Amino acid sequence: MIWNEHKETMSRDELSAMQGHRLHKMVDYVYHNVPFYRKKLQELDLIPDDIRTIEDIVKLPYTTKQDLRDNYPYGLQAAPQSEIIRIHASSGTTGNPTIVGYTRRDVEIWAECMARCLTAYGMTRDDTFSVSYGYGLFTGGLGAHYGVEKVGGAVVPASTGNTEKHIRLIRDLGIDGIACTPSYALHLAEVMENLGIDKKDIKLRIGAFGAEPWTENMRQEIESRLGLKAYNLYGLSEIMGPCVSFECECQSGSHINEDHFYPEIIDPNTLEPLGRGKQGELVFTTLTKQGMPLLRYRTRDLCSLIEGDDCPCGRTMVRMSPVMGRSDDMLIIRGINVFPSQVESVILDIPECAPRYLLIVDRVDNLDTLTVQVEMRPEYFAGADNIDAITDLAKKVAFKLRSVLSVNALVKIRQPGSLERSMGKGKYVIDNRILK
Amino acid sequence: MTIHQLSIFIENKAGTLVALLRQLKEAGIQLIASTISDTVDYGICRIICSEPVRAYEFLKEAGVAVSLCEVIAVELDDEPGRAADAIGVLSDEGLSIAYLYSFLLGGKGVLVFRTNDNVRAVEALQKGGQKLILEKDLSHLL
């Protein structure tokens, strides 16, 4: 099923013409409303009329996460504050979070794009859908929520946590679909098995999984343990939230809603655009966004755009391959973005800790765990004569990390000189999660 | 009336203790008594040694998480019940012991411990007729 047949099956020529027209309007809009972009375009000697077709996009400057941070909180917002009806925030690399404001029209387009995703997964207005992404500043919960309502299904805003109660609701309400991270889906399967609930006892048939990288093996495992079809859902808050791309019934790449989010793949080192089929960094330009439009935003996600626009589902929108890596050092832990630099800034602020650390990420019972090892400064131990000096420090570090990362970390204090001196760069992350 | 003890934070990991002992060897420090207490991840090694102040400075210079502490050492005659007498003096005063270990010195037993109030503990032990060991009692043995 296709939610918006007119848009989603448009001929490539029509689509390109529309994208070119929208891009011109978008550049004109940011030129007149965002001093940051006006300055950047003027530095390149560009005026909005230089951007006429979608091919002209290569003339435009890139936008990075650093630009968002430098312009915290509202520097990149184009719409007046009176037009903003929603604000989300995601973690920044250090200090400042990324703030994204949405106008009423942005929220409507978000719901429209999310409705396209859910319809492609086979959801209809007759279905009950559990949204088990976190509700709150994170875009996952509300993003999926509005999509389900747009299609006309019944939302169960389960959010995260209290897995046993959630499983009872899935069984007792005969819930048809679930949106969550793939690792949470595996955790659900595990708890369900422990409770003695068989997959035949539940009616789940659709899984909308995203917010972290996953693999074909994980898909097969989730599908067989929960008895549903597992579909990819991709998005990022800077661009919109979940809804940017989605798998159709063919499950061979995720169709990008490219009438709203124009994708490019670039070489992350040379910044040269790469052709279809080439692996590189995914870049998006918002074509219709009002609140915080972005030109050529570097997502840091590594993937490719699949060659050929002849998906058997009938959609003409380009497909992206699964995201399998990052061109920066961001870690995704239980769906939450964590940068080693955030950990570093916490540790530098604690005088008892030496500026050396090691992050170990693992997956235990299908849930991500983060262990932070940090060295104690020898001076701090002078005068101490019991283990409390060490365990108290571990508690203090864990508390500070929790408040900055929103992730619970297990902290291990290491004796002086036991970690490599790796502050700034070098090997400070060990990711033991196996994605195969 | 107390003696010096080194307390050192070492990880529960192969090689950490020997590394510490080799550093003491390098400094020409002789061990008299030692004990290790541990949790799952962390350990504290406590050492009575020759020239404790010099040993402390040496380890600190080498970047070791070391602390120089005061502990009480009591000499016990070689007969049953002497440890009970010594500890009894402390408990009568309402003092509690954080940790305790023992070693032999010239045929006599020595109890080493730290209490929640070493000043009061020393007074109580002296009043109770217990023999406190001083640092000079140890060094002439070496």
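Predicted model: local features only at pLDDT ≥ 70, side-chain atom pairs only at ≥ 80, totals over all residues.
Residues are numbered from 1 along each chain as its sequence is written, and chains are lettered from A and ligands numbered from 1 in the order in which they are written.

The contact between the chains involves 17 residues from chain A and 18 residues from chain B, two residues being in contact if their C-beta atoms, placed from the backbone, lie within 7 Å. On the side of chain B that touches chain A, two or more residues each are given by strand 1 (3-11), strand 3 (42-49) and strand 4 (66-76) of chain B. Strands (E, at least two residues) and helices (H or I, at least four residues) are DSSP runs numbered from the N terminus. Strand 1 of chain B provides the largest share of this side, 4 residues. By residue class, the side of chain B that touches chain A comprises 9 nonpolar, 5 polar and 4 charged residues; Ala, Val, Leu, Ile, Met, Phe, Trp, Tyr, Cys and Pro count as nonpolar, Asp, Glu, Lys and Arg as charged, and the others, Gly among them, as polar.

Chain B is divided into domain 1 (3-69) and domain 2 (70-141), with bounds from an automatic or database domain assignment. The C-alpha centres of these two domains of chain B are 22 Å apart. In chain B, 10 residues of domain 1 are in contact with 13 residues of domain 2. Strand 1 and strand 2 (31-38) of chain B each give two or more residues to the side of domain 1 that touches domain 2, and the largest share, 4 residues, comes from strand 2 of chain B. This side of domain 1 of chain B divides into 5 nonpolar, 5 polar and no charged residues.

In chain A, an open sheet of 4 strands has the order 20-19-18-21 with mixed pairing, where two strands pair if DSSP finds at least two bridges between them. Strand 20 (409-414) and strand 21 of chain A stand at the edges with a single partner strand each, so one side of each is left without a neighbour in the sheet. The twist averages 15° from one strand to the next. Strand 18 (residues 353-364) and strand 19 (residues 367-376) of chain A run antiparallel and are joined by 9 bridges; Tyr357(A) has Val374(A) as its bridge partner in strand 19 of chain A. These two strands of chain A form a hairpin with 2 residues between them, and Asp365(A) in the turn has a positive phi of about 50°. Strand 18 of chain A runs parallel to strand 21 (residues 429-431) of chain A, with 3 bridges, and Ile360(A) stands opposite Ile430(A) in strand 21 of chain A. Helix 10 (residues 340-348) of chain A lies across strand 18, strand 19 and strand 21 of chain A, at about 140° to strand 18 of chain A; axes are lines fitted to C-alpha atoms, for helices over the stretch in contact, and angles run from 0 to 180 degrees between N-to-C directions.

The largest nonpolar core has 91 residues, a core being a set of buried Ala, Val, Leu, Ile, Met, Phe, Trp, Tyr and Cys residues joined through C-beta atoms within 7 Å. A residue is buried if 20 or more other C-beta atoms lie within 10 Å of its own, exposed if 12 or fewer, and partly exposed in between, with C-beta atoms placed from the backbone. Helix 5 (residues 104-120) of chain A contributes the largest share of this core, 9 residues.
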